[in-house]
Amino acid sequence: MQSWPNPDVPVLAGEAPALRLYDTADDEIRPVSIPSAGEEIGMYVCGITPYDSTHLGHAATYLTFDLINRYLVSAGHRVHYVQNITDVDDPLFERAERDGVDWRELGDSQVSLFRSDMEALRVIPPRDYIGAIESVDEVVDMVARLLDVGAAYQLTDDEYPDIYADHTFTPQFGYESRYDNPTMAELFAERGGDPARPGKRHALDALLWRAHREGEPQWNAPFGAGRPGWHIECSAIATNRLGPHFAIQGGGNDLRFPHHEFSAAHAEAAHGCERMADHYVHAGMIALDGVKMSKSLGNLVFVSKLTAAGHEPSAIRLGVYASHYRADRDWSDAILAAAENRLQAWREAFANLQQAQRNNAELPTIDQDTLPPVIQTVRGLIADDLDSPAALEAVDQWAMATTADPAGAVRAGSDPELIKRGLDALFGIDL
């Protein structure tokens with residue numbers, strides 16, 4: 001699957017502080033594991049099911065992981081970023097039937113729009129952008145392995161011989177979400193599970209391979225024609241590109257259970273490892289004017305409509321970063337307006353700084369191999385579990401001081417090009 005163009009992310013001077021992120025599984029903030037020189041940091045972020053265009057809830061999640069990606073890349077690390085597209089799934093079929101279109105055409109159109117939105121927002125693309133259709137053979141292989149090791153079973157006394165994972169095979173099951181059994185049972189039923197399916201060994205067992213039903217696409221497999229389940233798609237795509245153990249598994253906090261729990265369990269059972277990812281990182285949900293965004297309520301804000309209305313991608317980024325990524329947060333016209341005012345204030349300070357340099361030959365020359373103090377501050381705040389609200393406030397203080405005394409800002413170490421370079425590298429903001 002084609003992704004989108006890669007924005008240039010400058011490598012910043014100096015040694016970056018260790019990036020510390022909250023890990024859902026361990027319930028603590030701790031450093032991201034940095035591999036030996038020459039090795040890559042693996043990051044897998046779950047992608048869209050392409051039955052509706054990119055709304056701000058989607059965008060906020062991918063902007064969160066873009067903040068992580070940019071921090072690591074600007075520190076000189078190599079990141080192997082992988083993302084999937086669930087282009088075979090019930091919601092896609094249902095929306096296509098409702099709208100009277102072919103499900104493949106619907107999926108292609110929405111993936112195309114998602115790519116254009118991500119390009120507009122200057123999000124670093126995944127190196128591997130993989131659709132479920134592309135990965136069917138990988139899923140078949142992984143299902144076969146799970147059957148071989150006894151971590152899966154096939155229904156026999158049923159019209160549809162689906163294959164399920166036996167979640168009790170991995171004794172660590174539940175470590176990622178840390179939910180108790182009643183909570184897992186409730187969320188499993190709400191989020192695509194089928195706890196009451198006859199023939200299953202356990203109510204929480206998740207579908208690995210859905211046997212063919214009339215009217216659905218199908219692929220051949222040794223255990224019968226059908227299509228992949230949801231969780232194993234991500235498990236196969238991730239581990240086949242990053243290995244059975246990698247640094248960061250990410251997505252929205254609605255994926256904490258069952259999706260990330262089962263993706264990890266499938267990988268751990270198939271590969272015999274204790275833990276798929278070092279960090280399980282989850283972004284909060286976005287509400288519109290205090291009400292959670294949802295397709296059923298019809299209160300979605302679409303990135304493409306915001307940009308078509310003339311709102312700059314940099315302002316959208318600032319609006320999202322104004323709240324902490326782990327919080328369930330709000331979006332409103334007021335938040336967007338505040339972000340646009342903030343961007344304008346930064347640009348005015350930047351212009352004043354440029355003018356001061358041009359007009360004052362006696363001002364000191366800034367060492368281009370150092371970071372301006374404000375960029376050092378921003379870097380440290382982002383390193384602390386992506387404290388973007390505090391980082392934005394630090395730049396606000398710099399902008400006010402610079403506007404009041406541009407020459408003094410230069411004397412204090414602010415070089416306009418280094419400021420621009422730093423904000424671009426860390427925030428993806430275009431001054």
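**Note on the predicted model**

1. Pro244 sits in the loop that links α6 (230–242) to β10 (246–252). Helices (H or I, at least four residues) and strands (E, at least two) are DSSP runs, numbered from the N terminus. This is a predicted model: local features need pLDDT of at least 70, side-chain atom pairs count only at pLDDT 80 or more, and totals for chains, interfaces and linings use all residues. Residues are numbered from 1 along each chain as its sequence is written, and side-chain values use heavy atoms, with hydrogens and water left out.

2. Pro244 is partly exposed, at a relative accessible area of 34%. The cut-offs are these: buried is under 20% relative accessible area, exposed is over 50%, and partly exposed lies in between (1.4 Å probe, protein chains only).

3. Which residues does Pro244 touch, not counting residues up to four places away in sequence? They are Thr239, His271, Cys273, Arg275 and Met276. A contact here means heavy atoms within 4.5 Å. Trp331 is 87 residues from Pro244 along the chain, and their C-alpha atoms are separated by 37 Å.

4. Now the cysteines. The structure holds zero disulfides. Cys46 is in none; its nearest cysteine sulfur, in Cys234, is 3.8 Å away. A disulfide is a covalent bond between the sulfur atoms of two cysteines. The criterion is a pair of cysteine sulfur atoms within 2.5 Å. Cys46 is buried at 5% relative accessible area, and Cys234 is buried at 1%.

5. The secondary structure comes to 14 helices and 14 strands. Of the contacts with a separation of 6 or more, 79% are between residues 24 or more positions apart.

6. Along the principal axes, the C-alpha atoms fill a box of roughly 85 × 50 × 35 Å.

7. Buried residues make up 57% of the 431 residues. The protein exposes about 17600 Å², and carbon and sulfur atoms supply 47% of that area. Accessible areas come from the Shrake-Rupley method with a 1.4 Å probe; for residues, only the protein chains shown count as cover.
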